[in-house]
There are 2 protein chains.
Amino acid sequence: MPKRTDLSATFCPVGRSAELLGDRAVLLILRDLFFGNRRFEVIAANTGLGPQLVSARLKLLESEGVVERRAYQERPVRYEYWLTDKGKDLFDVLYAMRGWAERWAYREGETGGGPAMRYIHRACGTDVGTAMVCPGCGEPLGYGDLKGEPSAALKAEQARRRSN
Amino acid sequence: MPKRTDLSATFCPVGRSAELLGDRAVLLILRDLFFGNRRFEVIAANTGLGPQLVSARLKLLESEGVVERRAYQERPVRYEYWLTDKGKDLFDVLYAMRGWAERWAYREGETGGGPAMRYIHRACGTDVGTAMVCPGCGEPLGYGDLKGEPSAALKAEQARRRSN
DNA sequence: ATAGTAACTATGATAATCATAGTGACAAGG
DNA sequence: CCTTGTCACTATGATTATCATAGTTACTAT
């Protein structure tokens with residue numbers, strides 16, 4: 001590509017978000033970070049992205065203040081990537097993407113009945129489906145309020161990726 | 001790029017959404033469609049994307065069932081692009097992106113005080129800020145429930161784009 | 001001394017993107 | 001009827017991001 005148009009100066013908020021989020025690699029890496037995968041190799045394996053792309057995007061996310069790089073051991077130095085508050089606040093976007101896909105992107109019965117990823121409201125135990133507000137207790141749903149459970153098919157896929 | 005990795009077969013719902021939404025051009029075009037811009041030239045001008053990219057992405061969106069192409073006149077035949085139900089259901093994603101940007105992507109005072117884009121809950125008249133649930137009446141917010149009002153800065157930017 | 005692990009960097013082929021220009025079908029004005 | 005204008009695109013060529021693959025660094029473990 002040529003240098004892509006810079007959207008960071010537009011006044012449109014969707015444009016500004018698109019500058020960062022309009023990129024499949026960024027979205028996949030964020031997904032993994034929300035899932036709790038913080039190590040370079042795990043992220044690379046699970047996203048299926050090459051190490052160079054993962055490296056470039058993690059640097060970008062760090063420079064945007066979305067991700068923080070922390071050494072989890074010295075000798076040899078090894079790093080983990082953690083979501084900052086600004087990063088955690090992207091949960092709504094990823095959760096909305098997940099909801100849309102659950103409603104529209106699967107063929108009938110493809111996931112074996114339920115959703116590809118189930119979310120339970122920790123506070124009241126309700127399966128929230130794809131709602132933005134808990135259908136059980138009416139509370140708005142954010143990161144930390146929900147417990148995700150991948151379907152059997154998704155679990156199998158992740159295990160396969162990790163073993164390659 | 002080489003042919004990008006196909007995510008349409010993954011079981012992860014975020015991956016499936018990222019297949020379509022992990023693309024700045026798609027996000028910008030969707031933004032315009034939600035804004036009510038339905039004509040090719042208007043979308044091209046307002047997004048700043050070249051006609052070839054706009055053409056390619058509209059075809060993609062149509063083939064995904066997110067957008068519908070309708071002739072609005074014969075002789076000469078001219079087309080408009082409308083969001084389908086599947087397309088309108090992406091509102092949550094764009095709205096979440098907008099919310100995140102409003103909270104994190106502007107320097108202090110850059111928009112002249114308020115948000116870059118204000119949303120009013122039609123049902124009760126409350127300015128919803130960046131909430132997913134109306135702070136006035138507690139109702140969940142979806143496409144059609146909200147009336148958007150661009151800030152002066154955003155309006156000026158759009159006018160500038162249209163005149164080029 | 002060899003093998004292994006984690007986190008990367010280097011290289012070259014491929015293909016998506018951008019800017020710019022051009023096309024087809026028609027309407028309106030002089 | 002001939003030029004100009006509008007809308008919705010398509011064509012072309014240069015640029016550059018992406019992918020696959022291989023290599024590097026800095027250690028630990030056996």
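Two residues are in contact when heavy atoms lie within 4.5 Å. By that rule, 50 residues from chain B and 51 residues from chain A make up the contact. The model is predicted, so local features need pLDDT of at least 70 and side-chain atom pairs count only at pLDDT 80 or more, while totals for chains, interfaces and linings use all residues. Residues are numbered from 1 along each chain as its sequence is written, chains are lettered from A in the order in which they are written, and side-chain values use heavy atoms, with hydrogens and water left out.

**Buried area**
- Chain B and chain A bury about 4,900 Å² between them, counted as the accessible area (1.4 Å probe) that two parts lose on being put together, summed over both.
- Carbon and sulfur atoms give 67% of this area.
- Of the area that chain B buries against chain A, 18% is supplied by Phe11(B), Arg24(B) and Trp100(B), more than by any other three residues.

**Salt bridges**
- The interface of chain B and chain A holds 6 salt bridges, each a side-chain nitrogen of Lys or Arg within 4 Å of a carboxyl oxygen of Asp or Glu.
- Arg24(A) forms a salt bridge with Glu19(B), and their closest N and O atoms are 3.0 Å apart.

**Nonpolar core**
- Leu30(A) and Leu30(B) have the most contacts inside the largest nonpolar core, which has 82 residues.
- Such a core is a set of buried (under 20% relative accessible area, 1.4 Å probe, protein chains only) Ala, Val, Leu, Ile, Met, Phe, Trp, Tyr and Cys residues joined through side-chain atoms within 4.5 Å.
- Beyond its neighbours within four places in sequence, Leu30(B) is in contact with Leu21(B), Leu61(B), Val66(B), Leu83(B), Leu90(B) and Leu94(B).

Key: Buried means under 20% relative accessible area, exposed over 50%, partly exposed in between (1.4 Å probe, protein chains only).
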